[in-house]
Amino acid sequence: MTFPLNTPIWVHSSAVHGKGVFATRHIAAGETVIEYVGEIITMTEALRRHPHDAANPDHTFYFHLDDGRVIDALKEGNDSKWINHSCRPNCVPDEVKGRIFIQTRRPVFKGEELTFDYGLFSDEPLTEDLKARYACRCGAKKCRGTMLALR
Ligand SMILES: [Zn+2]
């Protein structure tokens with residue numbers, strides 16, 4: 001649990017999933033709150049490392065970059081790796097030259113949990129079973145029931 005001086009967020013347990021990231025002050029829309037950092041690896045290496053936790057095989061700290069590489073926040077990651085998924089998120093990841101910045105997409109109140117839409121992709125067919133493995137419990141009215149991107 002940390003209170004960083006330069007970022008308006010802190011990590012503690014979440015009602016959504018395990019740990020979460022929360023605003024320590026009011027954050028305006030469009031503010032960059034933190035960079036999603038970690039070791040940048042190839043997709044091949046990402047698949048080789050997967051799963052990092054055999055008891056919870058579908059949980060990773062991966063962020064997929066547009067060029068196909070992956071940020072593995074399990075290594076060299078910061079508090080951003082604890083940001084949970086929501087189908088109606090208050091943040092959006094912004095990719096700039098291979099770096100990911102987590103930005104607010106609307107004003108966020110002090111104490112509110114920060115979320116973004118993981119929009120996960122899988123090589124496997126999009127079956128009900130697969131969706132269930134990546135089940136979403138964000139509680140949004142229009143929750144799509146899974147953290148996978150449905151397209
Ligand atoms: Zn949801």
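1. Strand 3 is mostly covered, since 4 of its 5 residues are buried; buried means under 20% relative accessible area, exposed over 50%, and partly exposed in between, with a 1.4 Å probe and protein chains only. Strands are DSSP runs of E with at least two residues, numbered from the N terminus.

2. The model is predicted: local features need pLDDT of at least 70, side-chain atom pairs count only at pLDDT 80 or more, and totals for chains, interfaces and linings use all residues. Residues are numbered from 1 along each chain as its sequence is written, and side-chain values use heavy atoms, with hydrogens and water left out.

3. An open sheet is formed by 3 strands in the order 3-9-8, with antiparallel pairing; two strands pair if DSSP finds at least two bridges between them. Strand 3 (32-36) and strand 8 (91-96) are the edge strands, each pairing on one side only. From one strand to the next, the twist averages 30°, where axes are lines fitted to C-alpha atoms and angles run from 0 to 180 degrees between N-to-C directions. Strands of a sheet pair through backbone hydrogen bonds, either parallel or antiparallel.

4. The pairing of strand 3 with strand 9 (residues 99-104) is antiparallel and spans 4 bridges. Within it, E35 stands opposite F101, and the bridge partner of Y36 is I100.

5. Not counting residues up to four places away in sequence, Y36 touches F61, Y62, F63, I71, A73, S80, K81, I100 and I102; contact means heavy atoms within 4.5 Å.

6. The largest nonpolar core has 20 residues, and V33, Y36, I100, I102 and L114 are those with the most contacts inside it. Such a core is a set of buried Ala, Val, Leu, Ile, Met, Phe, Trp, Tyr and Cys residues joined through side-chain atoms within 4.5 Å. At least two residues of this core come from each of strand 1, strand 2 (19-23), strand 3, strand 9 and strand 10 (113-116). Strand 3 gives the most, with 3 residues.

7. Strand 10 has two pairing partners to note. Strand 2 pairs with strand 10 in the antiparallel sense over 2 bridges, and F22 stands opposite E113. Strand 7 (residues 84-85) pairs with strand 10 in the parallel sense, also over 2 bridges, with N84 opposite T115. E113 and T115 point one way from strand 10, L114 and F116 point the other way, and all are buried.

8. S13 lies in strand 1 (residues 9-13) and is exposed, with a relative accessible area of 54%. Leaving aside residues up to four places away in sequence, S13 touches G18, K19, G20 and F22. S13 and W82 are 69 residues apart in sequence and 9.7 Å apart in space, C-alpha to C-alpha.

9. The zinc ion has the protein donors C87 (SG), C136 (SG), C138 (SG) and C143 (SG), at 2.2 to 2.4 Å from it. Donors are N, O and S atoms within 2.8 Å of the metal (3.2 Å for Na, K and Ca); water is not among the atoms, so sites may look incomplete. Along the chain the donors follow the spacing C-x48-C-x1-C-x4-C.

10. The arrangement around the zinc ion is tetrahedral because its 4 donor atoms subtend angles of 103 to 114°; four donors count as tetrahedral if all angles lie between 85 and 135 degrees.

Conventions. Four donors count as tetrahedral if all angles lie between 85 and 135 degrees; four count as square planar and six as octahedral if opposite donors are over 155 degrees apart and all others between 65 and 115; anything else is irregular.
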